[in-house]
Amino acid sequence: MQEIPSYGDWIQKEQAARELFQKKYPLEKDPFRQKFHLMPPVGYINDSNGLCFFRGIYHVYHQYCPFSPWGEGGKLWGHYETENFVTWRRRPPAGAPDTPWDRDGMYSGSALPQEDGIRFYYTGNVKESGDFDYIHEGREHNLIGAFSKDGKLLERKVLLMRNSDYPGDVTLHVRDPKVWREKGKYYMVLGARSDKDKGLVLLYSSGDGLKWKVEGRFFSAKHLGYMWECPDMFRLGKKRILLFCPQGLRPEEERFQNGDTCGYAVISRDFRLGGDIGAFEELDRGFDFYAAQTFSGTGERRILLGWMGLPNPYENPTVAYGWQHCLSLPRELSFRKGKLWQEPLQELEALRKPGGCGTLFKGEKLLLPADCFEVLLYPEEEKFHAAFRQDAELVYDGERLTLRLGESGFGRKERSCRLPEKINCLRIFSDVSSLEIFVNGEVFSTRLFETHSGSKPMLRMISGSCRWELYPLCPFEWEE
Ligand code: FRU
């Protein structure tokens, strides 16, 4: 029998990993550390998990592996707290693989705030050692429930379902529960891979949040990947959205360039019936976005936070500094003009330092702050071509917006999106090694890794002209 470390053992290991990495990779030498994005202190970060608002605090949990920049050695739930998305506290990991049902990783899951605390649901990963394909044999994906009175520690883990409880035609890949309450019942979506290598989402219901019954399933009649990860279901006004991440897509001219993607379908009939999802839309148009999850905080608004990274073989130059990836900025969702519409969360305006504005005509340049800034561009002509930072470019031909990266893309060159409606404003958030460009409800998210050749960072109008507003941004503030 493999010995399973206790939570306390994991916390010690995490601390030791941080100390070791910090000695090996002095922070001040790292040219890529982000200033207003959540990133791992050391090692690997992926999916945002358990997003919730409880007693005035927003909790952001995430997949966290402090032991290696490739995510090897155990997945814990990292934990951040904030009241305003600008001042943050990094908490000790809220959970670690310390039971026989999650001993090879506390995988992704969700949170459900209640009167007396927060309920959690996540996938416990178990991998046997041996000669297995790990699809049909050699692994377990268990549904685990847990509870926390204040969000700090996931306690009282209980095994709620194991692979033999899931439908007979799915493989061992069944994970990432997202649970919500509606009309006095609990519902849950779970991502899965069928035995015919097709992605699907299983829908469950429950009266008590403990005993679950399959209600139906969502699938796509058209080819849409072999596995669907990280599902989420929520309402925006009258629309019901199913969000998920299909893996193994065939790149098309304008879609699915990343192979694995995050996107959504609008479910227009009674959701409990499941069925063919119909049209699927991508959520992000850049190089780095995946595993997004939503939650509602104060009021009705729906906030989305994703991972600025991708699962399949992908390596950032930050590996040389002992870490990889970060989370996206929080976005507020609405349904407008027939699509999911994304805007930066209003709270982010508090990061702005006093700014300036003006107009930039063809051939003119504007000096930018080194890396952390927000720039709003209001194009004055139907077409434009602008260059900024070391070698990023934005080209709009009246129909399609293209983001190009030079060397700073580390091999990633170009992504584009059809934007047939007039562009009023492009809002660009630039951090040390990332860009998020909000335009007409769409977002282009990408990491970029500049070599800092010494030249001054500029915004240059190659063609067209635009009005601009520029704000240097403050880094996140950190509290103990
Ligand atoms: C998505 C994912 C999830 C899984 C987690 C493991 O990136 O593969 O399906 O729960 O990451 O870290």
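How far is an oxygen atom of the ligand from an N or O atom in the side chain of Asp47? The distance is 2.8 Å. The legends below describe a predicted model, in which local features need pLDDT of at least 70 and side-chain atom pairs count only at pLDDT 80 or more, while totals for chains, interfaces and linings use all residues. Residues are numbered from 1 along each chain as its sequence is written, and side-chain values use heavy atoms, with hydrogens and water left out.

View 1. A polar side-chain atom of Gln63 lies 2.7 Å from an oxygen atom of the ligand. For Asp176, an N or O atom of the side chain is 2.6 Å from a ligand oxygen. On its own the ligand has 320 Å² of accessible area, of which the protein covers 92%; such areas come from the Shrake-Rupley method with a 1.4 Å probe, and for residues only the protein chains shown count as cover.

**View 2. The shell around the ligand.** The residues surrounding the ligand include Asn46, Lys75, Tyr107, Arg175, Glu229 and Trp307; a residue is near a molecule or strand if one of its heavy atoms lies within 4 Å of it. By class, the shell has four nonpolar, three polar and five charged residues. Here Ala, Val, Leu, Ile, Met, Phe, Trp, Tyr, Cys and Pro count as nonpolar, Asp, Glu, Lys and Arg as charged, and the others, Gly among them, as polar. At least two shell residues come from each of strand E1 (43–54), strand E5 (106–114), strand E9 (170–182) and strand E13 (227–236). Strands (E, at least two residues) are DSSP runs, numbered from the N terminus.

**View 3. Cys230, a member of the shell.** Cys230 is among the residues that surround the ligand, and its place is in strand E13. Although Cys230 is not a glycine, it has a positive phi of about 45°. Most residues other than glycine have a negative phi. Cys230 is buried, with a relative accessible area of 8%; buried means under 20% relative accessible area, exposed over 50%, and partly exposed in between (1.4 Å probe, protein chains only).

**View 4. Phe256 in a loop.** Phe256 is placed in the loop between strand E14 (239–247) and strand E15 (263–266). Its phi is near 60°, a positive value in a residue other than glycine. Phe256 counts as buried at 3% relative accessibility.

**View 5. Glu374 and two arginine side chains.** Glu374 belongs to strand E25 (residues 373–379) and is buried, with a relative accessible area of 0%. Its side chain makes a polar contact with the side chain of Arg352 at 2.8 Å and another with the side chain of Arg427 at 2.6 Å. A polar contact is a pair of N or O atoms within 3.5 Å; within protein, one must be able to donate a hydrogen and the other to accept it, and residues adjacent in sequence count only if both atoms are side-chain atoms.

**View 6. Arg285 and Glu442.** The loop between strand E17 (281–282) and strand E18 (290–296) holds Arg285. This arginine is buried, with a relative accessible area of 13%. The side chains of Arg285 and Glu442 make a polar contact of 2.8 Å.

Definitions and conventions
Helices (H or I, at least four residues) and strands (E, at least two) are DSSP runs, numbered from the N terminus.
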